[in-house]
Amino acid sequence: MTQQIILYPLLLQMLLAIILMFFWRKINAQRIISMFGSLVHLAVSITVFAYIWNNGTQTVQAGSWEAPFGITFIADTFSATMVLLTSIAGLAVSIFSSGSVIGDRLRFGYFPIFHFLLLGLTGAFLTGDIFNLYVWFEIIIISSFVLITIGGEKAQLEGAVKYFTLNFLASMIFLTAIAVLYGLTGSLNMADLANKVAAVENRALVEITAILFLIGFGIKSAIFPLYFWLPASYHTPPSAVSAIFGGLLTKVGVYALIRVFTLIFVDDVFLDQILLVLAIFTLFSGALGALVQNNIRKVFSYLIICHIGYMIIGLGMFTEVAIAGAIFYLVHDIVVKTNLFMISGLIYRIKGSNSMRALGGFYANYPKLSLLMFIPLFSLVGIPPLSGFWPKISLITASFESGSYWSLAAIIFASFITLVVIAKLWAEVFWKEAQEIPVRPKFRYFHAIKNIKRVQIIVPIVFLSLVSLYVGFGAEHIQTLSARIASELMDNQQYIDAVLNTQTPE
Amino acid sequence: MKTLILRTASDYLLPLLLVFSVFILLRGHYLPGGGFVGGLIAAIAFVLHAFANGLDNTKGLLRFHPGFLMPVGLGLAFLSGLAPVIGLDDPFMTGLWFPEPFPVIGNVGSALFFDIGVYLVVIGVTLTIIFTISESA
């Protein structure tokens, strides 16, 4: 049974989604199944991660069809780490959802769709076939369309239209890119593609295909000229939904970029230059956007864009140190961004507003909660020894070594602006005198809801804050992990061998 | 659209289309057909019945909400994929086949159950969508 251990997280999510569909109208049962199932999923993901860490890359050929022809599932350390992070964020958001999302939304199948979304994410991280990757992306975006529109408020639908249009465009471009690639090489298996693309004579066409992939994944991961859908839509759905979107949806785009540009389109100076330039602009524009916003969730949305830049810049520099930095940043960012959107949800529950100008006096009224919120907010800034600090060291070192001083400037500038933004937020929301906010008659305030719900809202924030603290204080472990992932990614021959040489399982 | 001709015809067309949909379902695998097309044809049978006799009559005929078929079909397809993992420790979705073909049906294997799952999901989704739209219209 251990041969297929890497499929278990995938199968478990699918099973959960199906079971939840049987309990369509019974939302209390759904809450319990979702939380318990997510806990089991976390346990399974940890097991898989430990197995991969000890035994190296594992593959499964679905349906027993051999590698270049069938669909391969592969878990190297990178995939296993991403699956683990998905399950951590999934558990937190599952608990948070049962506390914070109102029953009217849950009745329309919130939990089954949520688990389909996690299924899509897990699948995208585990697949070794580029068309299968497209299929998982479709599952992800279809589920996310449902999640973003559930409830049907006007603002929500407006955000959803923007989200839908651009993400759909991204899928089409991605599919076109796959079609061109298939026309060039006659293969869809990523390991096989890596071999065949390297042998293609027509380099110009290969480069154009790579650019198509860059645009498709770029829209999904919200890099510089293609990010406008994100701040237009992420503040509209319930914060539980924004949390999983902010934490994982853009990161799956980054994952795909890293995977494709370290495995299939490698050693291309032109592409690396483009990635670097885009990353620098992403850092600048995200940071400046965050500076002028007033709605907390919009601030966080722009910060997502800004910090995507760190990961892309690491990929653009394309040295082992830089990629290790990017991976470390990815780990840190998934945990922190998920947590930040949950915090904005908590603030909204307590005060009924997310406007920085209207809020105030949080520290005076809720000192313990404020201290709790301090952890993710300042982890994001990267005050040492919190988690955002360590990956930047790798990135800055790498940009020194490769002599790209523009990237160095962009990294430092973006960190500085993040600090300013978070300091402003801290001053406005936590330290400023409490303001009079008109009481909304039908709104369910935090102090009016049941104790169990309050626990369900607070516990995931505490959980993710602890994970953030671990990433910060246990930075050595994460650094070892990132270095190992980076060395695996830089040497794509390992991946190719793992996929193509397992036709005879012993 | 309650015309006598359509209503009389739909009484005969409903069983005919359902049998045809099962034929298409079983024909799948090596020949054109399969769960998806079969499911659509079965859904058309019910939609036609609803046109002729009204939505409420069709719902009475079905006895349960068509949405219920979605998790059932998904579950069946999932189990058919899982069977080789549990039974033989083969990779997920490996086809398992009975050695001898059955009369009428032909070769039976886990792929057939996967297709039946698809068939049910397609009926469930199509009817749920169409019923919901015609209710709110």
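**Exercise 1.** In this predicted model, find what the buried residues of α4(B) pack against, and then describe the course of that helix.

*Solution.* The buried residues of α4(B) pack against α1 of chain A and also against α5 (110-136) of chain B. To see which residues are concerned, go along the helix and pick out the buried ones, among them B:L69, B:M70, B:L74, B:A77 and B:V85. Next, consider the length: α4 of chain B, residues 69-88, has 20 residues and reaches 29 Å from its first C-alpha to its last, which is close to the 28 Å expected at 1.5 Å a residue. Then look for a bend, and you will find a kink of about 40 degrees at B:L82, shortly before the proline B:P84. Finally, the helix is followed by B:D89, whose phi is positive, near 60 degrees.

**Exercise 2.** Determine how many residues of chain A are in contact with chain B, and which element of chain A gives the most.

*Solution.* Counting on both sides, 15 residues of chain A are in contact with 14 residues of chain B. On the side of chain A, the elements that give two or more residues are α1 (8-22) and β1 (58-61), and α1(A) gives the most, with six residues. Sorted by class, the residues on this side are ten nonpolar, five polar and no charged.

**Exercise 3.** Decide whether α13(A) and α14(A) are roughly parallel or antiparallel.

*Solution.* Begin with the angle between α13 (residues 296-317) and α14 (residues 320-351) of chain A, which is about 175 degrees, with the axes 9 Å apart. Angles over 145 degrees count as roughly antiparallel, and the two helices are therefore roughly antiparallel to each other. Their contact has 15 nonpolar, four polar and three charged residues.

Key. Residues are numbered from 1 along each chain as its sequence is written. Chains are lettered from A and ligands numbered from 1 in the order in which they are written. This is a predicted model: local features need pLDDT of at least 70, side-chain atom pairs count only at pLDDT 80 or more; totals for chains, interfaces and linings use all residues. Two residues are in contact if their C-beta atoms, placed from the backbone, lie within 7 Å. Helices (H or I, at least four residues) and strands (E, at least two) are DSSP runs, numbered from the N terminus. Ala, Val, Leu, Ile, Met, Phe, Trp, Tyr, Cys and Pro count as nonpolar, Asp, Glu, Lys and Arg as charged, and the others, Gly among them, as polar. Axes are lines fitted to C-alpha atoms, for helices over the stretch in contact, and angles run from 0 to 180 degrees between N-to-C directions. Angles under 35 degrees count as roughly parallel, over 145 as roughly antiparallel, 65 to 115 as roughly perpendicular and the rest as oblique. The expected span of a helix is 1.5 Å times one less than its number of residues. The bend at a residue is the angle between axes fitted to the seven residues ending there and the seven starting there. A residue is buried if 20 or more other C-beta atoms lie within 10 Å of its own, exposed if 12 or fewer, and partly exposed in between; C-beta atoms are placed from the backbone.
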